[in-house]
Amino acid sequence: MPTWTTTIHFAAIRTAGTVHTNLDITNAGTPGAQAHATIGSVLARVSDLLTAQRLAAIWRDAAIHTHRLVPDAGFAGHGDPRTQCPAGLVVRIGPDAAVRQDLIPATATLPTHIRIQVGPIVWLIMDRAAYSRTRELWERLEDLLA
């Protein structure tokens, strides 16, 4: 039977409104500790403090742009995010993942939003509510792995 391998080169996740988040730690307090952060339908696995610190820092740095976002655009997807599959995309984020954040001005199809890239994953943050929930999750993850 053949073995198939898939590599993600790019994935974009648009978040708006009160994003459903969850954080779970396995093997807490040991060198094998690993955090599982669920943000909407994305499950991100982080196993080292350096990565957690970089993730929290990039989200904190993006705060400078939040005044340009609407307070709460609401959930723009189909259905209720709490009842959808909790992991439509699973990614492992390592310490070598490139990170960057940018403010993207409004276009004919999208309002002003923040673009945060971590490795091949790009979050398009459409409002302050989504930004706050996701930033809080990354900061909790940083605290738990410290």
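Student: Which residues point one way from β3, and which the other way?
Tutor: Gln34, His36 and Thr38 point one way from β3, while Ala35, Ala37 and Ile39 point the other way, and all are buried. Buried stands for under 20% relative accessible area, exposed for over 50%, and partly exposed for in between, with a 1.4 Å probe and protein chains only. Strands (E, at least two residues) and helices (H or I, at least four) are DSSP runs numbered from the N terminus.

Student: What sort of model is this, and how are residues numbered?
Tutor: This is a predicted model, in which local features need pLDDT of at least 70 and side-chain atom pairs count only at pLDDT 80 or more, whereas totals for chains, interfaces and linings use all residues. Residues are numbered from 1 along each chain as its sequence is written, and side-chain values use heavy atoms, with hydrogens and water left out.

Student: Back to β3: why is it largely enclosed?
Tutor: Six of the six residues of β3 are buried, so the rest of the structure largely encloses it.

Student: Which strands make up the sheet, and in what order?
Tutor: Four strands form an open sheet in the order β2-β3-β4-β5, with mixed pairing. The edges are held by β2 (21-26) and β5 (89-92), each with a single partner strand, so one side of each lacks a neighbour in the sheet. From one strand to the next, the twist averages 15°; axes are lines fitted to C-alpha atoms, and angles run from 0 to 180 degrees between N-to-C directions.

Student: How does β3 pair with β4?
Tutor: Strand β3 (residues 34-39) pairs with β4 (residues 42-46) in the antiparallel sense over five bridges; two strands pair if DSSP finds at least two bridges between them. Opposite histidine 36 stands arginine 45 in β4. The two strands form a hairpin with two residues between them, and glycine 40 in the turn has a positive phi of about 60°.

Student: And how many bridges join β2 to β3?
Tutor: Six bridges join these antiparallel strands. Leucine 23 has alanine 37 in β3 as its bridge partner.

Student: New topic: how many aromatic pairs are there?
Tutor: The whole structure holds three aromatic pairs. In the pair of tryptophan 123 and tryptophan 138, the ring centres are 6.1 Å apart and the planes at 80°, so the pair is edge-to-face. Rings of Phe, Tyr and Trp (its six-membered ring) pair if their centres lie within 6.5 Å; planes under 30 degrees apart count as stacked, over 60 as edge-to-face and the rest as tilted.

Student: Are those two tryptophans buried or exposed?
Tutor: Tryptophan 123 and tryptophan 138 are both buried.
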